[in-house]
Amino acid sequence: MEIKWYIGLAVALFCTGIVGVLTRRNSIIIFMCIELMLNAVNLLLVAFSKMHAASAVVQANPNVVSDAQIFVFFIMVVAAAEVSVGLAIIVMLYRNTHSVDVNFLNRLKN
Amino acid sequence: MNNVFQLVWLIPVLPLLGFLINGLGRKQVSKTMAGIIGSGTVFISFLISAAVFFSVKEGNTHVAHYFDFINITALKIGFDFQIDQLSSIFLLIITGVGFLIHVYSTAYMHDEEPKDFAKYFAYLNLFVFSMLLLVMGANFVIMFIGWEGVGLCSYLLIGFWFKNTNYNIAAKKAFIMNRIGDLGFLLAVFWLISKLGTADYHTVFASVSKLTVTDITGITMLLFVGAMGKSAQIPLYTWLPDAMAGPTPVSALIHAATMVTAGIYMIARSNILYTMAPVTQSVVAIVGLSTAILAATIALKQNDIKKVLAYSTVSQLGYMFLALGVGAYTGAVFHVMTHAFFKALLFLGAGSVIHAMSGEQDIRNMGGLKKYMSVTHITFLLACLAIAGMPPFSGFFSKDEILAAAYERSPLLWGVGVAGAIMTAFYMFRLYAMTFLGKFRGTHEQEHHLHESPKAITIPLIILAILSVVGGWIGIPEVFMHGGHRLETFLEPVFAQSNALTEKHPLSHVMEYTLMGVSVAAALAALVFAWSKFSKYQKVEKEETGLGKVLANKWYVDELYDTIIVKPVLSIAKYFNNIFERKGIDGFVNGVGKAVNYGSRQIRLLQSGQVGIYVLMMVLGILLFFIIQLFL
């Protein structure tokens, strides 16, 4: 498959994520949208690494291909850790405000 | 006898010490202590000066080097003292008359608070220190330090009673006018240094031949501007009459005997420069003579006892400059000396009168003081005779020498000078007659209080009176006694260089007798006229008219200066204050503050607390970066 399809999918995912973050008030949904954006980026990384596998530079140094893909795993690990922290915050939020609406989170304003 | 030169540094240092003790400890020292410290230090300086004088008289001169004051590559200016004939005479005048005035002050200022009393003596000692520095310095830079120091002390002492606004204004006027002159002096010193690379008297005077005529004329003119300010000559003389706001002993010491003669000292010191600049010499003579006449006419109509004396001082200083201008350097120094005696005496006598009259200074309210204050009366009369130039009092010899020298240059100068001398005799005896003769015209209460002053006041008066009478005998002209002019012989080495350059045309003895006879007879006539006219003076309330009004208003010179200089400067200052300062600078500074304040007030609104808006901002920010990255 051509690279443009990958890019198109990634952009669509990313934009969905942004729109979700901007428009929704439910913090769990926002959280999911952030994950969506993260994975759009991951997808791009893998796609580009695959695309470059055929290029002359990479032919001379095969390790480069696996470097990018390993990097994606790192991101996924960090994302998993982040999810655990984020969800914990949301649980505490719910316990304190009985709601997961981000618009209630304005107590620092005054 | 050379050992005494080892001690010369003590002469200025002792008054400086007195200044430090009285000045720093003014809240601790008692009045008696302050008086003893103040007078004592000056007295010891006087003793050393006397020893130095006798050593100089034997023909020793000395330049003492203490340390390098300025030392930059080629320019080296040492902190040096020069002791020679000229400076030793000034040392004697300053410390001698200074000591008498210190003693006088202990009685005159006795009503002051102890701390003010000590402050007064501190200032007075600082003045003596600066004045000594001025005359002892061996180069123009050290002289300039003293030159500025005496100006400062004059300011401090004129404004001594600083709670009175008018006195402060007088002090400021004196200081600013002096500063104008000082700028000229400073420029002259720079000019000298740039041409010769040194300011030392010895080197400068030895290498005058290296200077072009333009240089010498320029330098001497600028130096003379300095002298105009310090010695109250036209056009910078108006500060001196106003300086009478200070305590009377201060007027006697600073504004009659010593500081105002600094200009004469400076020109006499650099006499060779002036001899080589005939243009400047003529300017000096003309300015001096015009000042002498102008001030004398003003003095005719003044009614404040100190104002009369102040204008008389300006007038006598004019005579000294006339002498300098016609090349009679000895005559100028001689007149400085005799003037220091009789004018200090006149001021101190006036102080004694003011003291007795409880602060009254208007001679129209005095009269008949003769029978209440015999010592003051007699000493004052002697001083008046001396200043009027009556033989054999001191003023006769010095004034006659100046007039004779003026005649040698031009009979016209002599004629105008004699006119001034006539006026001098007239206004001095008007002052004398209105103060001491006739009937008392003051209030009954004042009459009840009239008393002779205490001993601390009368003894200095008596000493100065003796000096005013005999002081002239060291300069008896050649016609009376061969070798009688001992001062001239003494000062010979200082003026040798100038004398070698000028041709002397001695007047014939007959001529000299005639000149003397004319001036003495004319002055005597004026004296008798004033005596008879004012000894029966009755107070009349009558507006002055015509010329009298112009004279009483001092030729409107103060008003003129006010209109053409003071007011324009003040209005420019006001313009800059209102427009440039308030709107420009303040506007800018305050504007920055206001802009930050306003901006932050607006930006604060972004902190709405809405998470969505923050996220939107973040996204917009990132987009902005993308756009910048892609397109710029």
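The legends below describe close-up views of a predicted model. Local features are given where pLDDT is at least 70 and side-chain atom pairs where it is 80 or more, while totals for chains, interfaces and linings use all residues. Residues are numbered from 1 along each chain as its sequence is written, and chains are lettered from A in the order in which they are written.

**View 1. The contact between chain A and chain B.** Chain A contributes 9 residues and chain B contributes 8 residues, two residues being in contact if their C-beta atoms, placed from the backbone, lie within 7 Å. On the side of chain B that touches chain A, 4 residues are nonpolar, 4 are polar and none is charged. In this classification Ala, Val, Leu, Ile, Met, Phe, Trp, Tyr, Cys and Pro count as nonpolar, Asp, Glu, Lys and Arg as charged, and the others, Gly among them, as polar.

**View 2. Helices H5 and H6 of chain B.** The axes of H5 (residues 140-158) and H6 (residues 165-196) of chain B come within 8 Å and cross at roughly 175 degrees. H5(B) is therefore roughly antiparallel to H6(B), a term for angles over 145 degrees. Helices are DSSP runs (H or I, at least four residues) numbered from the N terminus; axes are lines fitted to C-alpha atoms over the stretch in contact, with angles from 0 to 180 degrees between N-to-C directions. The residues that meet include Phe144(B), Trp147(B) and Tyr155(B) in H5(B), and Phe175(B), Asp182(B) and Leu186(B) in H6(B). By class, this contact has 15 nonpolar, 3 polar and 2 charged residues.

**View 3. Two cis peptide bonds in chain B.** Most peptide bonds are trans. The bond joining Ile234(B) and Pro235(B) is cis, with omega about 5 degrees; Pro235(B) is placed in the loop between helices H8 (213-230) and H9 (239-242) of chain B. A cis bond also runs from Pro391(B) to Pro392(B), with omega near 5 degrees. Pro392(B) belongs to the loop between helices H16 (374-388) and H17 (394-409) of chain B.

View 4. Most residues other than glycine have a negative phi. His98(A), not a glycine, has a positive phi of about 55 degrees and is found in the segment after helix H4 (63-97) of chain A. His98(A) counts as exposed because it has 9 C-beta neighbours inside 10 Å. Trp555(B), likewise not a glycine, has a positive phi of about 60 degrees and lies in the loop between helices H23 (546-552) and H24 (557-604) of chain B. With 14 other C-beta atoms within 10 Å, Trp555(B) is partly exposed.

Terms used:
Angles under 35 degrees count as roughly parallel, over 145 as roughly antiparallel, 65 to 115 as roughly perpendicular and the rest as oblique. A residue is buried if 20 or more other C-beta atoms lie within 10 Å of its own, exposed if 12 or fewer, and partly exposed in between; C-beta atoms are placed from the backbone.
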